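Please read the following briefing alongside the sequence and the coordinates. The overall make-up comes after a look at one residue.

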Amino acid sequence: DGSWYEGKFVDGVPMGKGMMTWFDHSECYVGEFYGDYDGRGVVCYGDGNWYDGEFRGGKKEGHGVHHFGCEDEGHWYVGGFHADKEHGKGTTWKPNGEVEVSCWEDGFCVGYGACWSRSMDEAFLVDHGRKTARVTLEEAARIATEIGLPVPDRSAKPSATPPELRA
């Protein structure tokens, strides 16, 4: 199909560390293979999105960082994945500067979470992905603790630049 793979093959199957690029450059993956993406890796998509994290059977699985959008105008999700979708605890950095900690199931925000303003001086309750009410900073911190995530540190915002792709 015009795609290419650089790395080891075992019985004609990609194995170990390698790099695969699709013929139309819509996707490039560098990381571990066991026939498919399997283990730690980085995938960059042609639209500027990228993911750095764990894979199983060609799907995002485990912990990772997913960047959506272009450079600093995009948003990031840092947390758990299952079957290519956000799943478990995660922190979302939004384009408007807000930061949210919440729980995810099958790609949907579920239950309660907390959201902080860009300046981190205001906080809101999040119910199934929607900001519902203003809460104190202490209450937002308590919610984050209950979820099992720290209060976001503004300086910990992920980079808009994907990790370097090298086989």
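Leaving aside its neighbours within four places in sequence, which residues is Phe 124 in contact with? With contact meaning heavy atoms within 4.5 Å, the partners of Phe 124 are Gly 113, Ala 114, Cys 115, Lys 131, Ala 133, Arg 134 and Val 135. The model is a predicted one, in which local features need pLDDT of at least 70 and side-chain atom pairs count only at pLDDT 80 or more, while totals for chains, interfaces and linings use all residues. Residues are numbered from 1 along each chain as its sequence is written, and side-chain values use heavy atoms, with hydrogens and water left out.

**Phe 124**
- Phe 124 belongs to strand S11, which covers residues 123-127; strands (E, at least two residues) and helices (H or I, at least four) are DSSP runs, numbered from the N terminus.
- Phe 124 counts as buried because its relative accessibility is 16%, where buried means under 20% relative accessible area with a 1.4 Å probe and protein chains only.
- Asp 36 lies 88 residues from Phe 124 along the chain, and the C-alpha atoms of the two are separated by 41 Å.

**Overall make-up**
- The protein holds twelve strands and one helix, and its pattern along the sequence is β-β-β-β-β-β-β-β-β-β-β-β-α.
- The C-alpha trace spans about 60 × 25 × 25 Å along its principal axes.
- Of the 167 residues of the protein, 40% count as buried.
- Among contacts between residues at least 6 apart in sequence, 21% join residues at least 24 apart.

Methods. Buried < 20%, exposed > 50% of the residue type's maximum accessible area, 1.4 Å probe, protein only.
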